[in-house]
Amino acid sequence: MNEKENLFSKEKNIQTDFKEKMTYGDYLELDTLLASQNRKSSHHDEMLFIIIHQVSELWLKLIIHEIEAAIKAVQEDKLQTSFKMLARVSRIQAQIIQAWDVLSTLTPSEYVEFRGELGNASGFQSYQYRVVEFLLGYKTDYILEIYKHDAPLYRRLEKAYRNPGLYDVAIQAIAKAGFPIDQVILERDFSAAYARNQSVEQAWLVIYKNPDKYWDLYQLAEKLVDIEDWFQQWRFRHMKTVERIIGYKSGTGGSSGVGYLKKVLDHYFFPELWEIRTQL
């Protein structure tokens with residue numbers, strides 16, 4: 001008997017009879033999950049392409065789950081509860097960024113062999129990515145047009161589009177703490193793109209100058225900065241991976257590809273939190 005067999009033999013309580021018990025595979029529905037990698041071509045590397053995007057979508061699902069819960073927690077004045085959720089989002093973002101390193105092993109010569117099989121399917125159409133953008137406050141009405149063909153999905157996106165995002169509830173939290181926030185910001189149309197506001201900037205500046213006095217709000221701000229920092233790193237890695245694989249070709253979904261990805265690098269979700277760093 002070798003060493004591994006000997007160790008196993010000592011584990012007397014290991015379950016082996018699963019005729020009427022749930023297994024690991026049952027719990028995770030692995031039969032369904034692992035049957036979802038259906039290549040449209042016979043090319044070996046298409047499997048990599050599919051799995052990377054599916055894994056990213058699973059992480060996006062968890063990001064949405066956490067941010068939605070964090071928004072609710074902030075609205076209920078449970079800031080400490082929200083911090084755990086937002087910290088988890090940052091760790092998830094690190095995982096998604098690393099996925100680009102794996103995808104970048106796909107060369108232009110390999111990708112061109114099956115790119116045509118994608119038709120007009122594109123990551124640009126990822127509805128979960130759009131939900132994340134909406135939850136972080138980046139509201140763009142033209143994006144909704146992509147999903148009009150699917151009524152239930154459109155309604156889900158429209159709800160996130162019209163509801164207050166994470167930054168909106170953070171601003172509401174500092175107003176509750178007694179900071180004089182312009183009423184136009186507190187009562188604004190949440191489907192509109194957020195624009196930098198002087199009263200919000202001044203409030204964050206006071207908080208950062210007095211972290212001991214406003215510790216919870218200071219922590220909330222830093223959690224938001226963490227998320228935006230990681231999000232920008234994700235955008236950059238996305239852009240460079242696309243450039244590495246297809247250069248400046250248009251995306252399969254009709255976008256300008258690298259050109260579009262470079263433009264969004266200049267967007268800020270939480271502009272005042274970055275501006276005050278120059279003023280401190």
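I took a pocket to be an open set of points, on a 1 Å grid over the protein atoms alone, where a 1.4 Å probe fits and protein lies on both sides within 12 Å along at least five of seven lines; lining residues have an atom within 4 Å of a point. The model is predicted, and local features need pLDDT of at least 70, side-chain atom pairs count only at pLDDT 80 or more, and totals for chains, interfaces and linings use all residues. Residues are numbered from 1 along each chain as its sequence is written, and side-chain values use heavy atoms, with hydrogens and water left out.

Entry one, largest pocket. I read its volume (the space filled by probe spheres set on the points, which are joined across faces, edges and corners) as about 1300 Å³. I found 43 lining residues, with F49, H53, S122, G123 and F124 nearest the centre. I then looked up which helices (DSSP runs of H or I, at least four residues, numbered from the N terminus) supply at least two lining residues each: helix 4 (46-75), helix 5 (79-103), helix 7 (127-135), helix 13 (215-246) and helix 14 (258-264). Helix 4 gives the largest share, 9 residues. I sorted the lining into 21 nonpolar, 15 polar and 7 charged residues, with Ala, Val, Leu, Ile, Met, Phe, Trp, Tyr, Cys and Pro as nonpolar, Asp, Glu, Lys and Arg as charged, and the others, Gly among them, as polar.

Of its 13 lining residues, L33, Q37, Q54, V55 and L58 lie nearest the centre. Helix 3 (30-33) and helix 4 each supply at least two residues of this lining, and helix 4 has the largest share with 7. I counted 7 nonpolar, 4 polar and 2 charged residues here.
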